[in-house]
Amino acid sequence: MDLTDSQTAVTVVAGLAILAGLAGVVVPGLPALPLCWGGVLVWAIFGGAGTAGWAVFAAATVVAAGGFVIKYAWPGRNLKQAGVPTSTLLAGGVLGIIGFFVVPVVGLVLGFVGGVWAAERLRLGSNGLAWPSTVQALKAAGLSMLVEFLAGVIIAALWVAGLLLT
């Protein structure tokens, strides 16, 4: 493998973008699926894979679009059924981001949980119903991350298959 070869360099950059996308599932600020998809796009355009590269890119586009839709629709449906309003998730998200900067990494989870719990406590009162809503929000966030990660892994697998076939 000659790193001075432009196709090799493009392949390495595409692979790094895909890895960064997979890490972006848990790291705030990194757009997971767009990075995975963009890595495949760069490889299809500049990697010299030809028609096979574009076929891999088309499949990656379908997976990324499907993952993006499912990532929001499935957990959102579960939250609606549990009666957790969008404003509660917004409060959790805002406090999660603030918590990430106040207490790096761990603050994201603490802020999200605290924000959801506080919003539900204000909404439902002190009758003990805030915690079940918080658990539902955590399950939804976990499901969303799982769907996004799975879509990223499928995109990565498609790209690796494309590398092996070209």
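Tutor: A pocket is an open set of points on a 1 Å grid, with protein on both sides within 12 Å along at least five of seven lines. A volume is the space filled by probe spheres set on such points. The structure discussed here is a predicted model.

Student: What volume does the largest pocket have?
Tutor: The lining of this pocket draws at least two residues from each of H2, H3, helix H4 (86-102), H5 and H6. In total, 37 residues line the pocket. The volume of the largest pocket is about 1100 Å³.

Student: Which helix gives the most to the lining of the largest pocket?
Tutor: Lys71, Phe112, Ala141, Ser144 and Met145 are the lining residues that lie nearest the centre of the pocket. By class, the lining has 27 nonpolar, 8 polar and 2 charged residues. With 8 residues, the helix that gives the most is H6.

Student: Which element has the lowest mean pLDDT?
Tutor: Over the protein, the mean pLDDT is 89, and 98% of the residues reach 70 or more. Among the elements, helix H2 (residues 32-46) has the highest mean, 95. The lowest mean, 87, belongs to helix H5 (residues 106-124).

Student: How many residues are in the largest nonpolar core?
Tutor: In soluble globular proteins, nonpolar side chains tend to be buried together. Here, Ile18, Cys36, Val40, Trp43, Ile155 and Trp159 have the most contacts inside the largest core. H1, H2, helix H3 (50-82) and helix H6 (130-165) each supply at least two of its residues.

Student: Is Ser133 buried or exposed?
Tutor: Ser133 lies in helix H6. Beyond four places in sequence, Ser133 touches Val84, Val116, Glu120, Arg123 and Leu124. The cut-off for a buried residue is under 20% relative accessible area. Because its relative accessibility is 8%, Ser133 counts as buried.

Student: What is the C-alpha separation of Ala20 and Ala32?
Tutor: Ala20 lies in helix H1 (residues 6-23) and, at 27% relative accessibility, counts as partly exposed. Its contacts outside four places in sequence are Leu30 and Leu35. Ala20 and Ala32 are 12 residues apart along the chain, and their C-alpha atoms are separated by 7.3 Å.

Student: Which residues is Leu95 in contact with, leaving aside its neighbours within four places in sequence?
Tutor: Leu95 is found in helix H4 and is partly exposed, with a relative accessible area of 37%. Its C-alpha atom is separated from that of Val109, 14 residues apart along the chain, by 9.3 Å. The contacts of Leu95 are Gly111, Phe112 and Gly115.

Student: How far apart in space are Leu41 and Ala161, C-alpha to C-alpha?
Tutor: Leu41 is found in helix H2, and at 21% relative accessibility counts as partly exposed. Trp54 and Phe57 are in contact with Leu41 when neighbours within four places in sequence are left aside. Leu41 and Ala161 are 120 residues apart in sequence, and their C-alpha distance is 15 Å.

Terms used: Residues are numbered from 1 along each chain as its sequence is written. This is a predicted model: local features need pLDDT of at least 70, side-chain atom pairs count only at pLDDT 80 or more; totals for chains, interfaces and linings use all residues. Side-chain values use heavy atoms; hydrogens and water are left out. Helices (H or I, at least four residues) and strands (E, at least two) are DSSP runs, numbered from the N terminus. Buried means under 20% relative accessible area, exposed over 50%, partly exposed in between (1.4 Å probe, protein chains only). Contact means heavy atoms within 4.5 Å. pLDDT is the predictor's confidence in each residue, from 0 to 100. A nonpolar core is a set of buried Ala, Val, Leu, Ile, Met, Phe, Trp, Tyr and Cys residues joined through side-chain atoms within 4.5 Å. On a 1 Å grid over the protein atoms alone, a cavity is a set of points where a 1.4 Å probe fits but cannot get out, and a pocket is an open set with protein on both sides within 12 Å along at least five of seven lines; lining residues have an atom within 4 Å of a point. Ala, Val, Leu, Ile, Met, Phe, Trp, Tyr, Cys and Pro count as nonpolar, Asp, Glu, Lys and Arg as charged, and the others, Gly among them, as polar.
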